[in-house]
Amino acid sequence: QWGLYYFIMSARKLIPLLDRVLVQRVQQQTQIGGIIIPEAAQNKMNEGVVVSTGPGAKDRDGNTIAMGVQEGDKVLLPEYGGVNVKLGEEEFVMFRDDDILGVLKD
């Protein structure tokens with residue numbers, strides 16, 4: 001239980017700069033009804049949850065451009081791109097705000 005607490009605290013301590021967004025990909029399903037799906041047949045999930053965001057990019061006049069996503073948003077990610085970040089045992093991906101394809105609403 002304490003391990004989860006320290007993981008959450010370490011992820012929240014990483015604050016992306018400018019228009020960058022720290023995302024944790026949604027875990028993909030490795031078995032369906034007791035049948036294990038081989039790794040080669042699994043696709044990279046294009047969904048993630050925003051863990052933290054930077055303050056936003058600056059325009060020519062120095063004004064901050066608002067971010068398109070916020071913490072907790074479920075987002076659609078591009079198939080490729082982003083920078084892999086490992087904090088403890090957890091893996092995250094850092095994207096620019098304009099690389100994120102959209103926000104998924106329930």
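**Entry 1: strand 1 and strand 4.** I began with the pairing of strand 1 (residues 20-25), which runs antiparallel to strand 4 over five bridges. I noted that this is a predicted model. Within this pair I looked up L22 and found S52 of strand 4 opposite L22.

**Entry 2: the other neighbour of strand 4.** I then followed strand 4 to strand 5 (residues 74-76) and counted three bridges, again in the antiparallel sense. Which residue of strand 5 stands opposite G48? I found V75 there. I also looked up E47, which faces L76 of strand 5.

**Entry 3: how strands pair in general.** I reminded myself that the strands of a sheet are paired by backbone hydrogen bonds, and that the pairing is either parallel or antiparallel.

**Entry 4: is strand 4 buried or exposed?** I took buried to mean under 20% relative accessible area. By that cut-off, five of the seven residues of strand 4 (residues 47-53) are buried, so the rest of the structure largely encloses this strand.

Entry 5: I wrote down the strand order of the open sheet as 6-7-1-4-5-8; it has six strands with antiparallel pairing. Strand 6 (83-87) and strand 8 are the edge strands, as each of them pairs on one side only. On average, neighbouring strands of this sheet are turned by 45° against each other, with direction ignored.

Entry 6: Which residues make the nonpolar surface patch of about 240 Å²? I listed L76, L101 and L104. L76 had already come up in my notes as the residue opposite E47. I placed L101 in the loop between strand 7 (90-96) and strand 8 (102-104).

**Entry 7: the protein as a whole.** I counted one helix and eight strands. Along the sequence I read the pattern α-β-β-β-β-β-β-β-β. The protein has 106 residues, and 28% of them count as buried. The protein exposes about 7800 Å², of which carbon and sulfur atoms supply 52%.

Conventions: Residues are numbered from 1 along each chain as its sequence is written. This is a predicted model: local features need pLDDT of at least 70, side-chain atom pairs count only at pLDDT 80 or more; totals for chains, interfaces and linings use all residues. Side-chain values use heavy atoms; hydrogens and water are left out. Buried means under 20% relative accessible area, exposed over 50%, partly exposed in between (1.4 Å probe, protein chains only). Helices (H or I, at least four residues) and strands (E, at least two) are DSSP runs, numbered from the N terminus. Two strands pair if DSSP finds at least two bridges between them. Patches are made of residues with over 30% relative accessible area and no salt bridge: like charges are joined within 9 Å, nonpolar side chains (Val, Leu, Ile, Met, Phe, Trp, Tyr) within 5 Å. Accessible areas come from the Shrake-Rupley method with a 1.4 Å probe; for residues, only the protein chains shown count as cover. A salt bridge is a side-chain nitrogen of Lys or Arg within 4 Å of a carboxyl oxygen of Asp or Glu. Axes are lines fitted to C-alpha atoms, for helices over the stretch in contact, and angles run from 0 to 180 degrees between N-to-C directions.
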